[in-house]
Amino acid sequence: MTEQQITWPKTREQLTRMRWQHVNFGICKGVNCKKRIEWWKTIDKAWMPLEKVFETGELANSLFPHWQSCVDAQNFKKPTDEPKAVPAAAKQTEMFK
Ligand SMILES: [Zn+2]
């Protein structure tokens with residue numbers, strides 16, 4: 001199940017039932033954001049920054065992906081989206097210098 005197929009929000013219990021793992025707490029690195037987030041690991045071992053959006057009410061204990069609310073979302077790299085940049089392989093000619 002990928003993040004796109006998940007209906008948010010999810011409670012911690014629901015995430016645990018999906019066999020996601022809460023790993024630790026953190027702060028968003030967005031320069032204008034700096035919100036407290038929680039790092040979860042999905043069943044596919046991808047890192048997901050989640051946050052509590054509502055402090056009170058029915059959804060108070062629910063978590064959303066942080067990039068849905070992040071003011072720096074355009075700078076936010078989804079960890080599961082793009083493969084890591086692979087350094088360009090050395091050109092063959094350079095290998096024989
Ligand atoms: Zn943020």
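What share of the contacts in the chain with a separation of 6 or more comes from residues 24 or more positions apart? Here are some notes for you on this predicted model.

1. To take that question up: the share is 40%, counted among contacts with a separation of 6 or more. As for burial, 14% of the chain's 97 residues count as buried.

2. Next, the overall layout. The chain holds five strands and two helices, and reading along the sequence gives the pattern β-α-β-β-β-β-α.

3. Now to the sheet. The five strands make an open sheet with antiparallel pairing, and their order is β1-β5-β4-β3-β2. At its edges lie β1 (10-11) and β2 (21-27), each of which pairs on one side only. In general, strands of a sheet pair through backbone hydrogen bonds, in either a parallel or an antiparallel sense.

4. One pairing is worth a look on your screen. β4, residues 47-52, pairs with β5 through three bridges in the antiparallel sense. Glu 51 stands opposite Phe 64 of β5.

5. Then please find His 66, in the loop between β5 (62-65) and α2 (92-95). Is His 66 buried or exposed? His 66 is buried, because 24 other C-beta atoms lie within 10 Å, and the cut-off for buried is 20 or more.

6. Which residues does His 66 touch, leaving aside those up to four places away in sequence? They are Cys 28, Lys 35, Ile 37, Pro 49, Leu 50 and Glu 51.

Terms used
Residues numbered from 1 in each chain as written. Predicted model: local features only at pLDDT ≥ 70, side-chain atom pairs only at ≥ 80, totals over all residues. Helix = DSSP H or I, 4+ residues; strand = E, 2+ residues; numbered from the N terminus. Buried ≥ 20, exposed ≤ 12 C-beta atoms within 10 Å, placed from the backbone. Contact = placed C-beta atoms within 7 Å. Pairing = 2+ DSSP bridges.
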